[in-house]
Amino acid sequence: FGIDNTDFTVLAGLVLAVLLYVKRNSIKELLMSDDGDITAVSSGTRDIAQVVTENNKNYLVLYASQTGTAEDYAKKFSKELVAKFNLNVMCADVENYDFESLNDVPVIVSVFISTYGEGDFPDGAIQFEDFICNAEAGSLSNLRYNLFGLGNSTYEFFNGAGKKAEKHLSAAGATRLGKFGEADDGAGTTDEDYMAWKDSILELLKDELHLDEQEAKFTSQFQYSVLEEINDSVSLGEPSPHYLPSHELSCNADGIQLGPFDLSQPFIAPIVKSRELFSSNDRNCIHTEFDLSGSNIKYSTGDHLAIWPSNSLEKVEQFLSIFNLDAETIFDLKPLDPTVEVPFPTPTTVGAVIKHYLEITGPVSRQLFSSLVQFAPNSDIKDKLALLSKDKDQFAVEITSKYFNIADALHYLSDGVKWDTVPMQFLLESIPQMTPRYYSISSSSLSEKQTVHVTSIVENFPNPELPDAAPVVGVTTNLLRNIQLAQNNVNIAETNLPVHYDLNGPRNLLAKHKLPVHVRRSNFRLPSNPSTPVIMIGPGTGIAPFRGFIRERVTFLELQKKGGSNVSLGKHLLFYGSRNTDDFLYQDEWPEYAKKLDGSFEMVVAHSRLPNSKKVYVQDKLIDCEDQVFEMINNGAFIYVCGDAKGMAKGVSTALVGILSRGKSISTDEAAELIKMLKTSGRYQEDVW
Ligand code: FAD
């Protein structure tokens, strides 16, 4: 080969450039991989149009997710576009991009938006919200989009973020293709709402883009390779790469871990105390105290604690068994597409992923059934699966109403025949990610600065359709119960716990009663002026933040008295509800608080299941105390509601509308408008779920 000097120089320059490029990207990836921003990093830009163009994408799916639900549906939708139409789809979190070039994105964009709080956008979508809400008329006239909002109709501002996005995109001249989809978690129809919306959108896209539909065929976004040996960089279920032995935690000189602790990385918090608050035959409620002193986490009274759970040993075993998987298999995943990120630390093991990162219990979606058809172990099962995945009523009867999780459902369909035909990549990409569960903090940051208390009711009930089957259980609350028993030296073998856990965690990270947690800020705050009257309504575990509020006021008063001040507190009226007297939470604490608050605290209790008594709810008690409640609201009281969003929060709102309407001699519509104004101005706050 005749290479002259010029050729050599050019070639050397090219090699150097490639090396530098690869190195720059890998250094950046290394630096950024912890916050999951791989998509933007690997293309070196946050400019959305540029990333789409550089990666030759012909469809864009964006999501703004608070707890992972919008993300889950966005990913399902993207997968279906790939499987059915072979599109080259980019699915991205709005948090990772800049949108100034949105009008230049050369493809159709599907947007999935969750609503959080008072009709708000998710935390990570603030910039996106800012951009679309300030887009000038006509500035998005090239954009063709469709929109799916995820919300809950029991909240005042149902699908508020989705509606806001729709209003502003349309005002900026963007063209919506198909209808604005709205999922309603309050009615329990999110999955069916999604299915109906996406079927109509897929039909429309088929015409609009002249797409040929193929038989759905799963294409993995990852290269999956099996490894031979465990080493220090193999994750055994550590909640983030920071906890691998090959990493170092970032600490200050005093050994305090610096975080940040959020959805991308939790703090491993010791549980310093836990106890059973009541124990009836069929229900348990656990009080748990987490010590945050080894971290720089600060919380405020009224915030939420996110607990990162793991699946129980029984459910992991059941899942491994139906898919005939070996828990010990070590594997690595590498994205085949630079716009895709691996959703958990890798390399890892099959057992670790199933235990720590996948939501393997919980209801099954019809969408998952339809994408599993291609992997059915034989043609009979395939036909059954295909039929059920198309028939929403039959699916509801045969699967949903029986509280089946995915392993139960597949076992039922195949009569125990293993589903070893399902590739591991499919499971990793189709089973939703495990998400942290949130709890209203029941301590006060004034009285216990670095200890966070949580009050949780254990989710465990007999399967109503299948009384002989295992009970229906929640992941986190049963884990908290297991820890509470272990911590109090109860012999677990002698209990009838429905599920058991690996309490030591990966590489003993959680040994001696620890759990991964982070704090999420909320807007649920006492009025800053302590003389403002306060009405609190919180039945069941809805009492949690109010215990925090009252402890806050007690400590405040003590500090004031110590400092020689004589502050007079406004009236603090708490409406609490429990079934009977056995499940009355923190029963012995309240009289003590009342004594310390010098008469400014009063508690009104409703019982809904006292023997031989009529059912009484907090709403009824509000009406009983109508005059006092009206007077307090008239005197500027702040109103707080916490607990069940479906029945209680609505009932309370209706009762308060009645009280205002009668008290002010106005119509119920006018009173409802007043309540709305109180909500908008922050004088009526809800922490409901
Ligand atoms: P999950 O595993 O999430 O299960 C949820 C429910 O589904 C359970 O009832 C479970 O039995 C049922 N289930 C399981 N499998 C299936 C199936 N296959 N089909 C159908 N159903 C199934 N809770 C509190 O107790 N105290 C609080 O202070 C509190 N504060 C909260 C604050 C906020 C802001 C939010 C959003 C929620 C709050 N919650 C609180 C609720 C809490 O976050 C959890 O949802 C709850 O504890 C259940 O969690 P889990 O992991 O045990 O159940």
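The residues that line the largest cavity comprise 4 nonpolar, 5 polar and 1 charged. This is a predicted model, in which local features need pLDDT of at least 70, side-chain atom pairs count only at pLDDT 80 or more, and totals for chains, interfaces and linings use all residues. Residues are numbered from 1 along each chain as its sequence is written, and side-chain values use heavy atoms, with hydrogens and water left out.

Q: How much space lies in the largest cavity?
A: A cavity is a set of points on a 1 Å grid over the protein atoms alone where a 1.4 Å probe fits but cannot get out, and lining residues have an atom within 4 Å of a point. Ser310, Lys315 and Tyr501 are among the residues lining the largest cavity. Its space is about 50 Å³.

Q: What percentage of the ligand's exposed area does the protein bury?
A: Polar contacts are pairs of N or O atoms within 3.5 Å. A polar side-chain atom of Thr477 lies 2.6 Å from a ligand oxygen atom, and one of Trp689 lies 3.4 Å from a ligand nitrogen atom. Of the 970 Å² that the ligand exposes when taken alone (Shrake-Rupley method, 1.4 Å probe), the protein buries 81%.

Technical notes. 1 Å grid on protein atoms, 1.4 Å probe; cavity = no way out; pocket = protein on both sides within 12 Å on 5 of 7 lines; lining within 4 Å. Points joined across faces, edges and corners; volume = space filled by probe spheres on them. Nonpolar A, V, L, I, M, F, W, Y, C, P; charged D, E, K, R; others polar. Polar contact = N/O pair within 3.5 Å; in protein donor to acceptor, adjacent residues only side chain to side chain.
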